[in-house]
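Here is a short report for a reader new to this structure.

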Amino acid sequence: MTEQLGTDPVTALQVVIATVGMVLTLLVLVRIVGQRSLAAMSAADLACVVALGAVVGRTMLLAVPTLVTGVIALVVLFGLRWILSRVQGTRPGALLSPRPVVLMVDGRVLEAAMRRARVTDDDLRQRLRLAGFTARTQVRLAVLERTGQISVVTAAAGECEPWMHEDLPRSDASA
């Protein structure tokens, strides 16, 4: 029983390294796959996330977890989350904080932006329907946000206040 509660300094360091490595790997993979993967999940997505969590958890805990290695992994995870939240807040557009992507302007779908953001026409149509739009001409602006959600501004809203698009890429900010 005491073996399950404790750990030695070498194992503790291994847990820290494994936890940092797994979190950074996950962040890079999400960045490669696209922030859209963070948004609404299908049943298959949920199954993958649960399985991924099990793999990541076991890897961080070196496949033979003890109470202490579990606590170390949790402390490192919370510490990393705190550090990453500070980095995201100071470096927009960096690897950890992708810039929003303008997908539509004044009813016109921006195909190149859609491809770059890995957003399909079906994804965009679904979001527009969920927001109650019945025609593309009703859309002033559609943006893939940092969270992976698509936000939509109605054409009836008129001109956007400059503050509303300060975080958009300059070429898209005129929207």
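Start with Arg125, which is partly exposed because its relative accessibility is 42%, between the 20% and 50% cut-offs. This is a predicted model. The side chain of Arg125 meets that of Asp122 in a salt bridge, with N and O 2.4 Å apart. Both residues sit in helix α6, and because they are three residues apart, about one helical turn separates them.

**Salt bridges**

How many salt bridges does a search of the whole structure find? The search finds two.

| Residue | Relative accessibility | Class |
|---|---|---|
| Asp106 | 49% | partly exposed |
| Arg140 | 8% | buried |
| Arg125 | 42% | partly exposed |
| Thr11 | 19% | buried |

**The overall plan**

The protein has seven helices and four strands. From the N terminus on, the order of elements is α-α-α-α-β-β-α-α-β-β-α. Of the 175 residues, 33% are buried. Among contacts with a separation of 6 or more, 64% are between residues 24 or more positions apart.

**The sheet**

The four strands form an open sheet in the order β2-β1-β3-β4, and the pairing is antiparallel. Which strands stand at the edges? They are β2 (108-109) and β4 (150-154). Each has a single partner strand, so one side of each is left without a neighbour in the sheet. Strand β1 (residues 101-105) runs antiparallel to strand β3 (residues 139-144), and four bridges join them. Within this part of the sheet, Val105 stands opposite Leu141 in β3. Helix α6 (residues 121-130) packs on the sheet and touches β1, β2, β3 and β4. The direction of α6 makes about 55° with that of β4.

**The cores**

The largest nonpolar core holds 23 residues. Which of them touch the most other members? They are Leu103, Leu124, Ala142 and Ile150. Two or more residues come from each of β1, α5 (111-117), α6, β3 and β4. A second, separate core has nine residues, including Ala12, Val15, Ala73 and Leu84.

Leaving aside neighbours within four places in sequence, Ala142 is in contact with Val101, Val102, Leu103 and Met104, among others.

**Thr11**

Thr11 is in helix α2 (residues 9-33). Is Thr11 buried or exposed? Thr11 counts as buried because its relative accessibility is 19%, and the cut-off for burial is under 20%. The Thr11 side chain makes a polar contact of 2.8 Å with the side chain of Asp8. Beyond its neighbours within four places in sequence, Thr11 is in contact with Leu62 and Thr69.

Conventions
Residues numbered from 1 in each chain as written. Predicted model: local features only at pLDDT ≥ 70, side-chain atom pairs only at ≥ 80, totals over all residues. Heavy atoms only, no water. Buried < 20%, exposed > 50% of the residue type's maximum accessible area, 1.4 Å probe, protein only. Polar contact = N/O pair within 3.5 Å; in protein donor to acceptor, adjacent residues only side chain to side chain. Contact = heavy atoms within 4.5 Å. Pairing = 2+ DSSP bridges. Axes fitted to C-alpha atoms, helices over the stretch in contact; angles between N-to-C directions. Core = buried A, V, L, I, M, F, W, Y, C linked by side-chain atoms within 4.5 Å. Salt bridge = Lys/Arg side-chain N within 4 Å of Asp/Glu carboxyl O.
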